[in-house]
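Please keep the sequence and the coordinates at hand while reading.

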Amino acid sequence: MADSGTPEPKSRSWRRRVQESAVYRSVVRTPPLDSPRGRAQRAFGNVFLHVYPVRVPRALLRFRSTWRLGFISTVLYAILLITGVYLMFFYTPAVTMAYGDMQTLRSQVGFGQLIRNVHRWGAHLMVLAVVFHLVRVFVDGAYKAPRQFNWVIGVGLMVVTLGYSFTGYLLPWDQLAYWAVTVGSDLVQYVPGVGGWMRNFLLGGGTIGQAALLRFYVIHVAVLTAAFFLLMAIHLWRLRKDGLAVGDPLEAHDVTERAVEALPPITPETVWLANGKRVLGVVETEDGPGHVREPENEVFAWPHLLVRHQVVALAVCALVLALGVAFEAPLRELANPNLTPEPAKAPWYFVGLQELLAHFDPLIAGVLGPGVLVAALVALPYIDRNPSRRPEHRRIANVVFWTLFIALAVLTVIGALFRGPGWGFVLPWEHLYFEP
Amino acid sequence: MIDHAAESGGDFGGTVQGTPAPCRGGCPVGTDAAAYVALLAEGRVADAYDVARQHNPFASVCGRVCSAPCERACRRGVVDSPISIRALKRVLCDAHGAEQGDASRWMRAVGSIPPASGSSIGVIGSGPAGLAAAHDLRLAGHAVTVYESMDAAGGMMRYGIPAFRLVRDVLDAEIAAIASMGVDVQLRCAIGRDVSFAQLLERHAAVLLTVGCQQGRQLRAPGAELPGVMRAVDFLRKENVRFDEAAGEATIGDGAVVIIGGGSVAFDAARSAWRTQSMSAYDARTALDAARSARRASGNSVTLVAPEATSKLSVPPEELHEATTEGVSVRGGFGVVRILGDACVTGVEVAPVLSLFDADGRFNPQLDLDTRTVLACNTVVLAIGQQSDTDFLADTPSISRTPWGGVVVDKALRTTDPRVWAAGDVASGPRDLIDAIAAGQRAAASMIASLSGEGTVRPRPAPAVHTAPPMPRGTRFWSGYDDIRRVELPVLQPERRDAVAEVEHALHNAEGQIEAARCLRCDEHMQFSPRRCIACALCVDVCPQSSLSLIPTTGGVLAGGTLALLFDDDTCIRCGLCVHRCPTDALHFTLSPAQSRPVLPERGAIAAWSAPLTPNIDG
C-alpha cells in the first residue's frame, strides 16, 4: 500500500534519540513511561530507588507513623560522612599537630569552622536520632517476629554510632577531648580480669598519647565506617525483606485479637473472592508468616514516600546548618595531662554512667550497668515473645523499658547539668559545668 | 530453563483454563480478536486477516459497522480506553478482504468448498443472518438457495445502513464472494408473492427464515397517522435505494425534520435526513459549502429527540459527535406527547422524561407533562424500534409466531415446524449486525447437525488458522504499550461530506500496528505454582496494577500457616514484572489455547495448539 507510510513523528528530539540508543538502554534499563507500570519498573530497575520497595503501606506516609527517625539518622550520617571527609583534608592525627590543625581550620580554611560545627552538632543529633529511633521501634513493637534480628542489628548500629561519637571526641586534642576520653576509657579497666589489658589495647599504652590518638582516628574513620556500612546493609536489606511493621497487614490478622473469622478459610477451591480477585493458589509456610501483602492499602514508594523523604532530608540539612551557623563547636586549650579540669566529664551520652559511678561500685556502675543494658537490648526480642504489638497487651514490657529509659535519662541530666567540681551537686542556673 | 508447558499439568495451576480473552468472549461469533490484534502488532497482516475472517464471512462489513461488543469487553478500557478492535479489523480487510477482488484469498481461512452433495436448503432473506447461514451450510456441502424480495442482496446491510457508513463496494464484494461459493441467490423473489411457502417446503429439505425486522414500530401517540410521519426503516430503505441508484425523488423535502428515537437507527436516519436535505437528489456527490449555506437559508434542520439523556445514549460517543458535527441537533431526555397538525405535520409536542423504566424494570418512560414544548417541523421520522412482517406464514399454522410478528424458536433455533429454522431478528427481535451473523451460524450448525442425522456437526476442512504469537516478554519492558493512547479514527472533514462519501476512514497500517500494540494480551493467562512459591510477596510488591495480593487463609498466621495468592484478571496489564521478579519461577503466563467458537457445538479441531512457549527468564 503506497499511502500507508509510517506515521513517524515529524522530528525525533535528541533526547528521544539518546533514550533509544543502545548505550542509554544498557545503562538505564527502563523506558520513561508515564504509567503505573513505568513507575513500578523504574523503582524495580534502579539501584538507588531499589532501596525502597516498589510500594509501601499508605499508613507510612504519615510523618508520625515512624517520625522518620531511621531516615533522619541516615541523613545525618551522610552529612557526617561528607563533612568528615572535608575535615580529614586538614587534620593530622598527631599530638603535635592535631590541636594546631584545629586552629588552622578555624582561622584559615574556607568554611572550616562551619564544617566543623556542622560535624559536631550533626554527631550529637545523630546519637539523639538513633536513640529515639530505638524508642520508636520499641513503642511500636516493631522488633517482634519476623524482625527480631534486625533489632539486634539496630542495637549494633547504635553501639557503632556511640563509638563514632566517642572516638571523634578525642580528635581535637584539647582539654575537653582529653579528659572526657580519659574518664570514658577509665571505665573499661573495671572489667574484671581483662580490664587493664582492654584499656591498654584501646589506648595503645597506659595513658592517652600519640598511640591513642592514632588508634581513635583509625577507628573513627575506617573501622567504624566499615562496620557501619556492613550493618547498615544488613539493616536495610532485612527491612526490605521483612517489610515495615507500620501498616503491616499482619496487624489486621493479629492472632491475639482472636477475632471470629466469619468467612470460611480460603482454599484452592475458593475460586473467586469478593474483591474481584481469584485464588491462584494456596502456599504453605512452615515457619513464620511469610509476607502478607494487600496492595489495596499501599501506594507507590516513588513518588509518594520519596517526596516526603526529600522534604525531611532538606529539613535536617537546614537544621544542622542553622546550628552550625548559630553555635560554635567548643575548642578548649591544648590537652594537658598534668592539668585536670574540674569537673572532668565524659561525653554527655556516657555521663549517666559517670553519675552512676558516684553511687555504686565501679564494677557495677561502669561494667555491669552498661553491659547488662546492651545485653538486655540485644536479647529483648527473644525474651519478649508476646506477638501482640498493641500497648494494652504489653504492659510489663512497657513498664520495664520506660523505667530504665527514664532512670538513664535522669542520671544523664543530673550528671551533665547538676554536677560541678569534685562531682558535687551544683544547680545549673548557678553555674553550668557542661560542654557538649 | 524450566519447561513450563510440560509442567502445566501438575505443578502449575490456578488458571481459569480455556477461558478466552474477554474480547473473544464478547464477540457473538467468537472471533479471536486477541489473536488478530497480536498478529497485526507483529506486522503479520495476512495471517491476522485469516483469523478475523475465519469466524465471520462479513469481516470487511464488520470492520466498518460492527457495534464491536469486543471493545466493550476489552480490558484495556479499565486502564484507559479499549483497543480500537473494529478499526484494526478494517486495516486487515483493506489489505486482504473480499473487496480486493480475490475470492480465493477470502476463502483461505475456511478451506475449500466441497461439492454440493448434501441436502437442498432454502434460506428466506439475504440479510446478515441468512447469508452467514448460507455460507456455513455451503461449506458443509449443502446446496443453498437464498430468496430475496428486493433488487439486491444484503438486507438491512444494504437497505438499513447508509452508504456513508458502509461503502457498497465492500458489501457487494462479500456478498459476491458468498455467491461465488455456489450459493444460489434468487433476487426479486418474495415469498407469498412469487413463490409460496408451501412450495418452498416442497423444494427444500429444510428452510431457514431470516427475514429480519423490516417494519418500523408505530408510535402510540395522537397524530401518529398524520401525513409527514414516516418510519425510519422505510425512510432509510427509500433513501438507500435512491442513493444506490442515483435516481428517484427525495423522500423528505425542505423544512424541519424531527427524528424520534435514540438508537443507531435513529442516528442513521438523522444523518441521512441531513444529507437528503443538503444535497440535490441527482447530484449526490456535490455537497460542498454551497449546499450547506443553501440549507441554512431554506430553514432546514434535523433534530433528534431521544428519551435517554444525551450522555446516556446507547450509540458510541463518536457517533454522537459526528452527528452533531454534521449539524444534527440532539435533544436527549425528551419523550413525545403528541404530534401536532391537521392535514399534515406541523410540529411535535415533547416533554422531559422523568424516568425511563417502570417499577418492573420495563422500558416505560414517564413524562413531565407540565413542561411541554413544541418543536415545529413538517416531517417526523419514527425510529422507535422494528418488528417482523411474517404475514406470508399466515397459511402455515405449523409455525407459531409471536405477537410482534416474530417466529417462535427453540434453543437450536428450530421453529415449531421440524423442517423450518429461524434466525436473526425474526427470531430474537431487533439486535445488532454481529448478533444476526452469529444467529445465522448457529442455525446453520443446528441444521447441519440435524440433516446429517448424527446430532453432531460435520467437521469443516481444516482451515489455515494462526494462533497469536506469544507475548514478547523481555521486550515488553521497553515497549510503551501501556502508555500509548487510543488512536483517533480519521474522519472525512464535515465540509467534504456528501450523501455517500464514507465518513470514517481507515487507519494506516503503521497506525494500526501501534494501536494493536496497546493490546494487554488477555489471551495470556497467569499460571502459578504454589509448590515453588516462597511467599516472599515480591510479585505483589512490583505489580503496578495492584492485581496481586498475598493474604492469610485464616485469621492467625504468625505461627506459620497458609497464605493465598490472589489475582485480578481484570486489572492485570500483562507487563510480566511479577514473572520477572519471582525468584523461584513460580509465576508465568501461557497463551490460552486456540479454540473452536464458544457459541457453537463441537465444530471439530480448528488447529492443534502448538504455540512455542518461551520461558520468561533465561537460565
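Of the 619 residues in chain B, 51% count as buried, where a residue is buried if 20 or more other C-beta atoms lie within 10 Å of its own, exposed if 12 or fewer, and partly exposed in between, with C-beta atoms placed from the backbone. The secondary structure of chain B amounts to 22 helices and 20 strands; these are DSSP runs numbered from the N terminus, helices being H or I over at least four residues and strands being E over at least two. Among the contacts in chain B with a separation of 6 or more, 73% are between residues 24 or more positions apart, a contact being a pair of residues whose C-beta atoms, placed from the backbone, lie within 7 Å.

Residues are numbered from 1 along each chain as its sequence is written, while chains are lettered from A and ligands numbered from 1 in the order in which they are written. Because the model is predicted, local features need pLDDT of at least 70 and side-chain atom pairs count only at pLDDT 80 or more, whereas totals for chains, interfaces and linings use all residues.

Chain A has 16 helices and 3 strands. Buried residues make up 33% of its 436 residues. Of the contacts in chain A between residues at least 6 apart in sequence, 73% join residues at least 24 apart.

The predictor's confidence in each residue is given as pLDDT, from 0 to 100. For chain A the mean pLDDT is 87, with 90% of residues at 70 or more. Within chain A, helix 5 (residues 69–88) has the highest confidence, at a mean of 98, and helix 12 (residues 249–252) the lowest, at 58. In two stretches of chain A pLDDT stays under 50: residues 1–8, for which the model has 9 contacts beyond four places in sequence, and residues 253–263, for which it has 15 such contacts. Where pLDDT is low, the predicted coordinates should not be read in detail.

In chain B, helix 8 (residues 85–96) has 12 residues and reaches 17 Å from first C-alpha to last, close to the 16 Å expected at 1.5 Å a residue; the expected span is 1.5 Å times one less than the number of residues. Helix 8 of chain B is mostly covered, with 11 of its 12 residues buried. Among them are B:Ile85, B:Leu88, B:Leu92 and B:His96.

Two packed helices are described by the angle between their axes and the distance between the axes. Helix 3 (residues 33–41) of chain B packs against helix 20 (residues 509–517) of chain B at about 125°, with the axes 8 Å apart. The two helices are therefore oblique to each other. Residues meeting at this pair include B:Val37 and B:Leu40 from helix 3 of chain B, and B:Gly512 and B:Ala516 from helix 20 of chain B.

Helix 15 (residues 264–278) of chain B contains B:Gln277. B:Gln277 counts as buried because it has 23 C-beta neighbours inside 10 Å. The C-alpha atoms of B:Gln277 and B:Arg331, 54 residues apart along the chain, are separated by 20 Å.

The axes of helix 15 of chain B and helix 17 (residues 317–326) of chain B come within 10 Å and cross at roughly 20°. That makes these two helices roughly parallel. B:Phe267, B:Ala270, B:Arg271 and B:Trp274 in helix 15 of chain B meet B:Glu319, B:Ala323 and B:Glu326 in helix 17 of chain B. For both pairs, axes are lines fitted to C-alpha atoms over the stretch in contact, and angles run from 0 to 180 degrees between N-to-C directions; angles under 35 degrees count as roughly parallel, over 145 as roughly antiparallel, 65 to 115 as roughly perpendicular and the rest as oblique.
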